[in-house]
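Subject: Structure handover and notes

Hello,

Please find the structure below. My notes on what was found in it come after.

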Amino acid sequence: MLKYFTIAEFDSPDEPGSGVNMHQDLLELLDEIRAIYGKPIAITSGYRTKEHNSYVGGKENSSHLKGLAVDIGIENSNQRYEIIRIAMLLGIKRIGTGKGFVHIDIDGDKAQNVNWVY
């Protein structure tokens, strides 16, 4: 059970209820990030169906398709720094940085200890 999020926040927009496809380990890490950050954070993308992933221009092998990734909406550079710092503190090894979001994923089938820019 999550303290700071509802499963619906992770739904693919084209499939209500699909947030149940999120990996529990990632959800627990996100709850920890939120607890340490101390302020609400917005999930802008969680689980994605193949159709929605294609619609948003996601990669064919996106970790969102497996429920192993989220994008967190970012309002400013201080928030970006804090979210990334906390994610790294908690051992997250795959982080992508965009202008308005931070991508966090725990996909063990992909390269680890990486940070990329969109």
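Overall fold

Please keep in mind that this is a predicted model. The protein has three helices and five strands. Read from the N terminus, the order of these elements is α-β-α-β-α-β-β-β.

How does the radius of gyration of the protein compare with that of a compact globule of 118 residues? For a compact globule of that length the value would be near 13 Å, and the protein has 13 Å, so the two agree. Along the principal axes, the C-alpha atoms fill a box of roughly 35 × 30 × 25 Å. Of the 118 residues, 45% are buried. Take the contacts between residues at least 6 apart in sequence: 57% of them join residues at least 24 apart.

Aromatic rings

Searching the whole structure gives three aromatic pairs. One of them is formed by Phe 101 and Tyr 118, whose ring centres are 4.9 Å apart.

Tyr 118 has 52%, so it counts as exposed. Both values lie close to a cut-off, since buried means under 20% and exposed means over 50%. Ring pairs also bring in Trp 116, which forms a cluster with Phe 101 and Tyr 118.

The largest pocket

The largest pocket has a volume of about 310 Å³. It is lined by 15 residues, and those closest to its centre are Lys 59, Ser 62, His 103, Trp 116 and Tyr 118. Trp 116 and Tyr 118 also belong to the ring cluster. Which element gives the most to the lining? Strand β4 does, with three residues. By type, the lining consists of three nonpolar, six polar and six charged residues.

Single residues

Ala 69 is in strand β2 (residues 69-73). Its relative accessibility is 0%, so Ala 69 counts as buried. Which residues does Ala 69 contact, leaving aside its neighbours within four places in sequence? They are Met 22, Leu 26, Ser 45, Gly 46, Ser 63, His 64, His 103, Ile 104 and Asp 105. One of these, His 103, is also among the residues closest to the centre of the largest pocket. From Ala 69 to Arg 85 there are 16 residues in sequence and 17 Å in space, taken between C-alpha atoms.

His 23 is in the segment before α1 (24-37). With a relative accessibility of 34%, His 23 is partly exposed. Not counting residues up to four places away in sequence, His 23 touches Gly 67, Leu 68 and Ile 106. His 23 and Gly 96 are 73 residues apart in sequence, and their C-alpha atoms are 19 Å apart.

Lys 3 is also in the segment before α1. Its relative accessibility is 65%, so Lys 3 counts as exposed. Lys 3 and Leu 30 are 27 residues apart in sequence, with 9.9 Å between their C-alpha atoms.

Asn 113 is in the loop between β4 and β5. At 63% relative accessibility, Asn 113 is exposed.

That is the end of my notes.

Regards

Conventions:
Residues numbered from 1 in each chain as written. Predicted model: local features only at pLDDT ≥ 70, side-chain atom pairs only at ≥ 80, totals over all residues. Heavy atoms only, no water. Phe/Tyr/Trp six-rings, centres within 6.5 Å; stacked < 30°, edge-to-face > 60°. Buried < 20%, exposed > 50% of the residue type's maximum accessible area, 1.4 Å probe, protein only. 1 Å grid on protein atoms, 1.4 Å probe; cavity = no way out; pocket = protein on both sides within 12 Å on 5 of 7 lines; lining within 4 Å. Points joined across faces, edges and corners; volume = space filled by probe spheres on them. Helix = DSSP H or I, 4+ residues; strand = E, 2+ residues; numbered from the N terminus. Nonpolar A, V, L, I, M, F, W, Y, C, P; charged D, E, K, R; others polar. Rg over C-alpha atoms; globule rule 2.2 N^0.38 Å. Contact = heavy atoms within 4.5 Å.
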